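Here are some friendly notes to read alongside the model.

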Amino acid sequence: MLFIAIIIAGCNKQIGGGQNTDEQTVREIHYEYGIAVDSFRVENGRVQTGQTLSGILRDMGAPAERIRELANIPRDTFDVRTIRQGNEYLAFYQADSTLEYFVYKQNRVQSVVFHLRDSLHVERQQKKIQIIRQKADITIESSLWNACVTAGVSPTLAIELSEVYQWTVDFFGLQRGDRFQALYDGQYIDSSFIGIDRVYAAAYTHAGKTQYAYYFEEGDTHGYFEATGASMRKAFLKAPLNYKRISSHFTYARKHPIYKTVRPHTGVDYAAPMGTPVVALGDGTVIEKGYKGGGGNTVKIRHNSVYTTAYLHLSKYGKEVEVGKRVQQGQVIGYVGSTGASTGPHLDFRVWKNGQPVNPLTLESPSVDPIPASLKARFDSVVAIYNETLFGKQNILDK
C-alpha cells in the first residue's frame, strides 16, 4: 500500500496576538493497486464454483457495455478464462454505487485491475517483494520438515535444502541430531513470508562430518559447489524417486515373496504410493522399454560405458521415453506400479557397473565439472563472504 501525504495550508487569526499563523493539516491518501482506496466503498469476495468473470462483474453491477468489452482483452494481457475458484476479488464503488474498478487477485503477488468508468482498460499490477537475508540453524529430531517448524523457520527451507543436497544426502535416512545450517534470501510481501529466493550457503552435519554447499554463478557456470570447487551435482541422483521406506535391500539370498524360493535380489525395493513419479538417475540412453516377465513394465538406461540402471514394476511410462532416445537426469521415465511379480506398489531399482550388479545404496557417484580454474579465485572470495556470514570465519577448513 502506498501512502501519499497531502498538505493543506490555511491562515487563521490569533485572538490574543492579532498575528496570522499557518496551520497545516496532513491527510494521508492510501493507494493500493494504483487506486486511491479511501475514496471508494470496497466489497470483496471469492470466485465460486462455475462462476465466470462476466458473471461476477454482472453481479457486482458493471455496465453491460463493459462486460461485452471483455471479449476484446488480448490474451497476453489477461485470459478471462483463467479465473480460478477460491481466488479473491475486490470491487470499488463510487458514492453513488457506480462500480469503477474491479481487481482480481491471481496470487499473493500479482493482480489484474479492470478500469470500468468510460471504457474497459485492463492492467497488471505486482506487489513489491522485499528480500531479506536470513540464517537458519536446525537440528533434526524426527524430520527436516518438523525441525524447520520447531526452529521457527518456514518448511519451504526443507524443500530448498533437499534440492541443494539431492545428489549427496538421503533425506529419508536423516537421523536424530543431524544438523542443517543455511544462509538464504527470504521473500516478503507486506511483512508476510511468501517463499525463498535462493539458498546461498548450507552445511549438513552427520556423525561429526559436515558437507558444505555454496551457490556460485558467473557466465555459463552456475550451481552449488563444495568449498574445494567440486560440483555438488553428481552424475547420479541419490535415489530415483521420493519413497516412504526401503522394503527390500540388495542381497544374494532373499526369499521371494511370491515364488517362495531363495534367490538373489540385486536391487533395492522402494515402497511408494501407486503413481509416484520415477526419474532417471542420470543422463543416458533408453536401451529397453517393455514388459519383462516378473519385472513387469521396465525401463533400462545406459548412462555411459560403465553404468546402466533399470526401473521395474512400473504402472506406466513417462512421455517420450522410447528405446534409443536420450533422457536427462531427473526426467520422469515412469510411475510406481505393481506390474509383474509384485505384492504391492513399489519400485525395484537396479544398477550395473561394468556389467556387474552393484548396491544402489552404496553407489559412489562422480561429480560433474568443477569450478573452472579461471573462476576459482572469484569463487573462493564469494565462499569466504558466505562463511564469514554463516559460520563466523572465512575458511571452514581451518580447525
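Two strands are taken to pair if DSSP finds at least two bridges between them. Please keep in mind throughout that this is a predicted model.

1. Five strands build it in the order E9-E10-E11-E12-E13, with antiparallel pairing. Strand E9 (130–139) and strand E13 (221–225) are the edge strands, each pairing on one side only. From one strand to the next, the twist averages 25 degrees.

2. Within this sheet, how many bridges join strand E10 to strand E11? There are eleven, between residues 179–189 of E10 and residues 192–206 of E11, and the two run antiparallel.

3. Helix H4 (residues 156–164) lies across E9, E10, E11, strand E12 (209–218) and E13, and runs at about 50 degrees to E11. Helix H5 (residues 376–391) also lies across E9, E10, E11, E12 and E13, running at about 125 degrees to E12.

4. Which of its residues are buried? They are Leu157, Ala158, Leu161 and Val164. These four cover an arc of only 115 degrees around the axis, so they sit on the same side of H4.

5. Now to another set of strands. Strand E19 (residues 284–291) is joined to E20 by six bridges, and the two run antiparallel. Tyr291 has Asn297 in E20 as its bridge partner. E19 and E20 form a hairpin with five residues between them, and Gly293 in the turn has a positive phi of about 55 degrees.

6. On to the next hairpin, which E20 forms with E21, with four residues between them. Five bridges join E20 to strand E21 (residues 307–317), again in an antiparallel arrangement. Here the bridge partner of Lys300 is Ala310 in E21.

7. Finally, why is E20 described as largely enclosed by the rest of the structure? Five of the six residues in this strand (residues 297–302) are buried, and therefore the description holds. Buried here means under 20% relative accessible area.

Key. Residues are numbered from 1 along each chain as its sequence is written. This is a predicted model: local features need pLDDT of at least 70, side-chain atom pairs count only at pLDDT 80 or more; totals for chains, interfaces and linings use all residues. Side-chain values use heavy atoms; hydrogens and water are left out. Axes are lines fitted to C-alpha atoms, for helices over the stretch in contact, and angles run from 0 to 180 degrees between N-to-C directions. Contact means heavy atoms within 4.5 Å. Buried means under 20% relative accessible area, exposed over 50%, partly exposed in between (1.4 Å probe, protein chains only). The arc is that of the directions from the helix axis to the C-beta atoms.
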